[in-house]
Amino acid sequence: MNLRQIISIFILPLIILFTGNAAAGNFGMGVHSGYGVIKHSEQTSLSGDEYRSYSTRDMVIFGVSAEYSFSRPENFYANITTDWVAGREGTETWKRNDIRIQTTGMGVFAQFYDFRIGHKNTMNNFYYSFYVSGGWDGMRFERDRYMWRGTPLSGGVENIHLWRTGAGTGAGYRIGKWAVDGRLAYAWYPAVRVKNSSLPRFTFDTNGTVLDTGFGLAREIYRGVNFYFGGSYSLFDLNESDIIQKDSIQAVYPGSRIEIIAGMLNLTFAF
């Protein structure tokens, strides 16, 4: 699935909804960015030995969001949030039974598209929201400078397509023009498909989960304009796939764990 198809499925219907009902509620949009680290690890025991990989690299996040608040039903809203994550190229290390056996140059790019329907409300200075969501995520790992026992080999591109469904909540407390703000979301990936150019005949199917949290401070800098700064942590756990054998080749997608830790800035506008 390419970016144009993602936009058609998730963004265009929301734009039509906003423009077709502009008089019925409030529209808001935001832009956010961040800087931090992405940690990636895999492990498998396909051959009887324990294989593990790990890598840590700097990364940047950029994203946009749009939200529409309905007047009927009261306090309900629709939101779409997108994120793009680019990790600086670094080194991935593999170990077999805790003995280092190879290194790989690896670059990372990830994209996330989440559509949400929820309810929000305020009680004096306290505000809260909760939502259910669905969407599509994509991760791309490009490996080169592949070394096996000191011998250089060709690299490959691994593409992971993930369909998500989940729920989340957010809450905050206002003190004048300032607010303390936090969020927590959990999603399940019922369908995950993995393709690797090094194994073109194989397609791996698996599933997984993601936990997403954030905490920070927000301030109203102008009527309808708010600025936020804080921290964000996301944890992705993807399960090992079933073993696939074709002819004399046996392969598996290793279980993987991905952590994204970042400091975030967010600027939102309400109309």
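**Entry 1: Glu 92**

I began with Glu 92, which I found in strand E3, residues 76–96. The coordinates come from a predicted model.

Next I looked up what surrounds Glu 92. The side chain of Glu 92 makes a polar contact with the side chain of Ser 53, at 3.4 Å. Leaving aside neighbours within four places in sequence, I listed His 40, Ser 53, Tyr 54, Ser 55, Gln 102, Thr 103, Thr 104, Met 106 and Arg 143 as residues in contact with Glu 92.

**Entry 2: nonpolar core**

I turned to the largest nonpolar core, which has 27 residues. Which members touch the most others? I noted Met 139, Ile 160, Phe 236 and Ile 260. The elements that give two or more residues to this core are strands E2 (51–70), E4 (99–123), E5 (126–144), E8 (156–175), E9 (178–196), E10 (203–222), E11 (225–238) and E14 (255–270).

I then took Phe 236 on its own. Beyond four places in sequence, Phe 236 is in contact with Phe 112, Met 139, Tyr 189, Thr 209, Val 210, Ser 256, Arg 257, Ile 258 and Ile 260.

I checked how E11 pairs. E10 and E11 run antiparallel and are joined by 14 bridges. In this pairing I found Phe 215 opposite Gly 231 of E11. The two strands E10 and E11 form a hairpin with 2 residues between them, and Gly 224 in the turn has a positive phi of about 85°.

E11 also pairs with E14, in the antiparallel sense, over 14 bridges. Here I noted Leu 265 in E14 as the bridge partner of Phe 229.

**Entry 3: confidence**

I looked up pLDDT for the chain: the mean is 87, and 87% of the residues reach 70 or more. Which element has the lowest mean? Helix H1, residues 3–20, does, at 46, whereas E11 has the highest, at 97. Over residues 6–25 pLDDT stays under 50. For that stretch I recorded 35 contacts beyond four places in sequence in the model.

**Entry 4: whole chain**

The protein chain has 1 helix and 14 strands. Of its 271 residues, 40% count as buried. Among contacts with a separation of 6 or more, 67% are between residues 24 or more positions apart. I noted an accessible surface of about 14,600 Å², with 58% of it belonging to carbon and sulfur atoms.

Key
Residues are numbered from 1 along each chain as its sequence is written. This is a predicted model: local features need pLDDT of at least 70, side-chain atom pairs count only at pLDDT 80 or more; totals for chains, interfaces and linings use all residues. Side-chain values use heavy atoms; hydrogens and water are left out. A nonpolar core is a set of buried Ala, Val, Leu, Ile, Met, Phe, Trp, Tyr and Cys residues joined through side-chain atoms within 4.5 Å. Buried means under 20% relative accessible area, exposed over 50%, partly exposed in between (1.4 Å probe, protein chains only). Helices (H or I, at least four residues) and strands (E, at least two) are DSSP runs, numbered from the N terminus. Contact means heavy atoms within 4.5 Å. pLDDT is the predictor's confidence in each residue, from 0 to 100. A polar contact is a pair of N or O atoms within 3.5 Å; within protein, one must be able to donate a hydrogen and the other to accept it, and residues adjacent in sequence count only if both atoms are side-chain atoms. Two strands pair if DSSP finds at least two bridges between them. Accessible areas come from the Shrake-Rupley method with a 1.4 Å probe; for residues, only the protein chains shown count as cover.
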